Amino acid sequence: MAAQAQPQSFAKLVARMANLMVGLPDYDSYVEHRRLNHPDQPVMSREEFFRERQEARYSGKVGRCC
């Protein structure tokens with residue numbers, strides 16, 4: 001069973017890297033960051049997150065949380 005988990009983890013890593021290369025943000029990383037660093041603040045839904053990231057990317061404004 002452990003042999004199957006490793007290729008799945010590698011496939012997930014490759015998919016994540018490919019998404020980041022074409023500008024698709026990683027929602028799971030966002031949720032983990034929010035829970036670890038901002039536990040008192042709400043977490044956006046996947047749809048809200050995607051919409052906000054698209055707006056941030058194409059609006060021409062620059063900003064970061066941390």
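I take buried to mean under 20% relative accessible area, with exposed over 50% and partly exposed in between (1.4 Å probe, protein chains only). This is a predicted model, where local features need pLDDT of at least 70, side-chain atom pairs count only at pLDDT 80 or more, and totals for chains, interfaces and linings use all residues. Residues are numbered from 1 along each chain as its sequence is written, and side-chain values use heavy atoms, without hydrogens or water.

**Fold.** I looked up the elements, which are DSSP runs numbered from the N terminus (helices H or I, at least four residues; strands E, at least two). The protein chain has 3 helices and 0 strands, in the order α-α-α. Of its 66 residues, 11% are buried.

**Helix 2.** Which residues of helix 2 (residues 27-37) are buried? I find Tyr 27, Tyr 30, Val 31 and Arg 34. They lie on the same side of helix 2, because their arc around the axis is only 100 degrees, taken from the directions from the axis to the C-beta atoms. An α-helix has 3.6 residues a turn, so residues three or four places apart point the same way. I checked the cover of these buried residues: it includes helix 3 (46-58), with contact meaning heavy atoms within 4.5 Å.

**Second largest pocket.** I counted 14 lining residues. Nearest the centre are Asn 19, Pro 25, Asp 26, Tyr 27 and Arg 46. Helix 1 (2-21), helix 2 and helix 3 each give two or more residues to this lining. Helix 1 gives the largest share, 5 residues. A pocket here is an open set of points on a 1 Å grid over the protein atoms alone, where a 1.4 Å probe fits, with protein on both sides within 12 Å along at least five of seven lines; lining residues have an atom within 4 Å of a point.
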